[in-house]
Amino acid sequence: MATLDSKTPAGPLKDKWTNHKNNIDLVNPANKRLIDVIVVGTGLAGGSAAATLAELGYNVKAFCFQDSPRRAHSIAAQGGINAAKNYQGDGDSTYRLFYDTVKGGDYRSREANVYRLAEVSANIIDQCVAQGVPFARDYGGLLDNRSFGGVLVSRTFYAKGQTGQQLLLGAYSAMNRQIGRGKIQMYNRHEMLDVVIVDGKARGIIARNLVTGEIERHSAHAVVLGTGGYGNVFFLSTNAMGSNVTAAWKAHKRGAYFANPCYTQIHPTCIPVSGDHQSKLTLMSESLRNDGRIWVPKNMEDVMAIREGRLKPTEIAEENRDYYLERRYPAFGNLVPRDVASRAAKERCDAGYGVNATGEAVYLDFASAIQRYGKEQAHIKGLNEDDAALVKELGQEVVRAKYGNLFQMYEKIVDQNPYETPMMIYPAVHYTMGGIWVDYNLMTTVPGLYAIGEANFSDHGANRLGASALMQGLADGYFVLPYTIGDYLSNDIRTGKISTDTPEFDEAEKAVKEKIDFFINNNGTKSVDYFHKRLGKVMWNKVGMSRNAKGLEEAMAEIKQIREEFWKDVRVPGSADEYNEELAKAGRVADFLELGELFAKDALHRNESCGGHFREESVEQDGEQKGEAKRNDADFAYVAAWEYKGEPGDAVLHKEELEFKDIELKQRSYK
Amino acid sequence: MNLTLKIWRQKNASDKGKMVDYKINDVSPDMSFLEMLDVLNTELIEKGDDPVAFDHDCREGICGMCSLYINGEAHGPDRGITTCQLHMRKFKDGDTIYIEPFRAKAFPVIKDLVVDRSSFDRVQHAGGFISVNTSGNTQDANAIPINKHDADASFDAATCIGCGACVASCKNSSAMLFVSAKVSQFALLPQGQVEATDRVLNMVKQMDEEGFGNCTNTGACEVECPKGISLENIARMNREFLNASLKG
Amino acid sequence: MSGFLKSSIGRKIAMALSALFLMIFLLQHFAINITSVFSESLFNELSHFMGTNPVVQFALQPILIFGVIFHFVMGFVLEIKNKGARNVKYVKNHGAANSSWMSRNMIWSGLVILAFIVLHFIDFWFPEINHKYIEFLPEDPNRYYHEVVEKFHSPIRVGAYVVAFVLLAMHLLHGFSSAFQSVGANNKYTRGLKGFGKAYAILIPLGFIFIALFHHINGH
């Protein structure tokens, strides 16, 4: 077992990034014109990186599988983006944002990366405002902030519930400017199917034109992957339908280590599954937990009556309700972190108290909030506080002003009015903290191959704080990668154009074509989705919110089994040289079927509970915290980076030990 | 419920294309429209037929990838939503549903219901940005206070998801709502003023070159827009264009 | 400015400005015609003035004719271009779901109005021109009222007149506020303007119809 070098610069934490920038090599402007960079993915990370690299003078080729860079899934982020601006004067600072992020990540992230993230966070806001991103403002015309995810300061900048959209459109507009200038060549509806390694360095990619089916070779001096997370390995997640692991997985198979694949964030407030036809899950902003109370019935008779439609939730008396988060975590109540809230919902539903037909839903109830706000408003307006109808009306108005768009979205999907009856929610896979291992320069273990944004593993440890994903994507793309990549590219100023007419490109293209031909000619009997759904069920049941050794071993075997069946029996209609979504899906699911096994293997090896990874074997045995997650710093304070060895199950573990020089490690407690 | 679907099938851009009938049974009212098509496609694949190609991605109404002209309306009969947010409970047992691609010369069909909307991207390349480099020493975000009313109006314009429903619904296939949303977002902000003249002239020029029709103020775009982008933006763009033309 | 008139928005603005001009003309036309209902002498006086004043005859009249021709030629040009922007039609299109009939059929209401204008020229304007400038018949300042009453004697003419003005009302119901939208008017007065536009669109054509019926019924 080898140890990985993160190439973290020496010196005090707060000076590392500045010193590093001062010491790395630069490429002079005339030479940048001679250098090509490929950026795969055009979300916040890829889009911002492509734009910035082009501004610097590099020739950028950007790829996305969607029909426009603007549609990358960063667009769906709702809540906001953190930045240590301290505009509210509530004591926020770079250090506090750094500290909250490391603690929130349950001490499984790399200290120096997180500090750098906190350091550049303020620049992101300046940059975005200059680009014309319309953040929310107060009446004085200054930027507004909200508090998010149980931290003690208000540092989240937002644009209603569409912050991701606005930030992505900002990055997209920066890209547009460079596309117009000819510095970015944009390849829409293209999917990367392999990385090409020449003399040990990433020198290009093989991509498929999704419209014509043509297989294309693209060369460059460096390749950047901003291809997002792999939550769709669960089939059902809040990710977009097209979100996939293929680019990252191909990189892994070409030598990039895959770090901490088991760290998955399961978001507690999603709309429950309604049936087998379900294709994806919809998230509702976490902010709902500020006012909603989560409960299930106390008595099994009531649960049964509700499922059979004989009883309405509003008819259950207060004393017959189990507000289980308030019961178990009196200090934080309904505002416990995402992972804790999710597991508690699962615990109740596993015990049989789920409130919908599938048994996988709990109530999120706004009745108390409506009462509270209504009374407050009646008091302020000097109206009768005992008039129940009036109080309800006034209270609903307040709730509508705060959450109106979310309530409307819920009603559209579920067809129930959440002002009158409690919402039903259930946790869903949302974000993957794990990803391709990168060093401090965001370079993978393959020289010249970089990974940024959700595609890498670096900043969130075992759990990501709310409003930090957008921050990391843009930090990597705007402010980190464009500098660090120069250090590597400074050696390439005399290399000249990389030829695509080499045996390495031949080999990679041949492998890609063979696989496509295999799918087209396989003539199986089952659709791609059939296998994807089966994989998702195994992942969710055995590698989901709560994991144990037995389940994980079974999962590894079952996934391997599904993979074998997939290769035998998958049916891909149509041909290779046309628009063929099933063919694209088949390639993606093939990769998920391999990743899934590594995911389970990683979860199995990490016999501790940390952040989003909960092992039933690693819980507090007694005291106030009995039954809660127990981290094991003595044995597991490292990054697990896996090296591909032919079969996912044979992957070899490499460790990057995590050192915390500026932070004291503590167990989390929300009691 | 059981439905009859009349779906536009077209092998590729050069194929002529035609409507084809399909029967689909046991559709749950809780399904989204696209999930209903997923079920149809699974049936088609298992029968050995070619599944219906349609664009989709986020399935929560924000990416703007899904389209479809359903029973004569962009994104179907409901308001304020995209096709992925349309649920089958909006239909009745026995209904016949027409499903066609968004139609415009500037949106050529790629296959079946998938159209090429890169004309929208090209309009944005022509001026849909503020020219500011990433430097890390841009002026502080709070250096210029922006009146909340303008900031909110700018945000409302910026919520456009670029789906193309405005073009599809417009009897003239005009892209004015889309283009005006982008022009307005920047026109309402102080940062956008410096390039305002060139921006509107360049974007309108590109819009015209792409072959979109002209606006005749029917207002269909505003009604069908999943994000409720207002016609006021078009008036603002007309004004901006007039000012810019007089200046330039 | 030639670039301006080639651009989609430039054409729209030109269309709107010509429309606003024509609406002002229509108001003026109505104001004179309505006097025929209550004062034969005032109507004759105004008609004589309009028919013989050199500024009206040789400056305003050509501008008006140019305005009319420009408006409908541009209308056709835009219609052809707009039709061409959708090369494959929808099999099923539910236009009524999102827009008014008037707004979608400006070309048809416009064509009916154009046909009416042609008739109006043949019926009124050509004889007038003939009277004044070709045959140089002597001017009788009191001939106008009787000519009008005489014209509205024919039920066919009155019928055509009513149909044309109903279509004009429909054209204006969309056209009035549309013209303001096209020139970019959008402020606190917009709502009031829309209300005014509706009133204008209905009352002015109704007024013309009233005049026609009034003379038809009382003219015997």
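**Figure 1. Pairing of strands E12 and E14 in chain A.** Three bridges join strand E12 (residues 293-297) of chain A to strand E14 (residues 362-365) of chain A in the antiparallel sense. Within this pair, Arg293(A) lies opposite Asp365(A) of E14(A). Helices (H or I, at least four residues) and strands (E, at least two) are DSSP runs numbered from the N terminus, and two strands pair if DSSP finds at least two bridges between them. The model is predicted: local features need pLDDT of at least 70 and side-chain atom pairs count only at pLDDT 80 or more, while totals for chains, interfaces and linings use all residues. Residues are numbered from 1 along each chain as its sequence is written, with chains lettered from A and ligands numbered from 1 in the order in which they are written.

**Figure 2. The five-stranded open sheet of chain A.** The strands of this antiparallel sheet follow the order E11-E15-E14-E12-E13 in chain A. Strand E11 (264-270) and strand E13 (321-322) of chain A stand at the edges; each has a single partner strand, so one side of each is left without a neighbour in the sheet. Strands of a sheet pair through backbone hydrogen bonds, either parallel or antiparallel.

**Figure 3. Overall view of chain A.** Chain A contains 18 helices and 19 strands. Its C-alpha atoms fill a box of roughly 80 × 60 × 50 Å along the principal axes. Of the 671 residues in chain A, 60% are buried. A residue is buried if 20 or more other C-beta atoms, placed from the backbone, lie within 10 Å of its own, exposed if 12 or fewer do, and partly exposed in between.

**Figure 4. Helix H3 of chain B and its surroundings.** In helix H3 (residues 148-158) of chain B, the buried residues are Ala151(B), Ala153(B), Ser154(B), Phe155(B), Asp156(B), Ala157(B) and Ala158(B). These buried residues of H3(B) pack against helix H5 (176-187) and helix H8 (232-247) of chain B, and also against helix H6 (163-181) of chain A. Two residues are in contact if their C-beta atoms, placed from the backbone, lie within 7 Å. Of the two pairs of chains in contact, chains A and B share the most contacts.

**Figure 5. The two domains of chain B.** Chain B is divided into domain 1 (3-110) and domain 2 (118-247), with bounds from an automatic or database domain assignment. The C-alpha centres of the two domains of chain B lie 29 Å apart. In chain B, 18 residues of domain 1 are in contact with 16 residues of domain 2. The side of domain 1 of chain B that touches domain 2 has nine nonpolar, six polar and three charged residues. Ala, Val, Leu, Ile, Met, Phe, Trp, Tyr, Cys and Pro count as nonpolar, Asp, Glu, Lys and Arg as charged, and the others, Gly among them, as polar.

**Figure 6. The contact between chains B and C.** This contact takes 39 residues from chain B and 35 residues from chain C. On the side of chain C that touches chain B, helix H2 (8-38), helix H4 (54-84), helix H5 (101-104) and helix H8 (155-182) of chain C each supply at least two residues. H2(C) gives the most to this side, with six residues.
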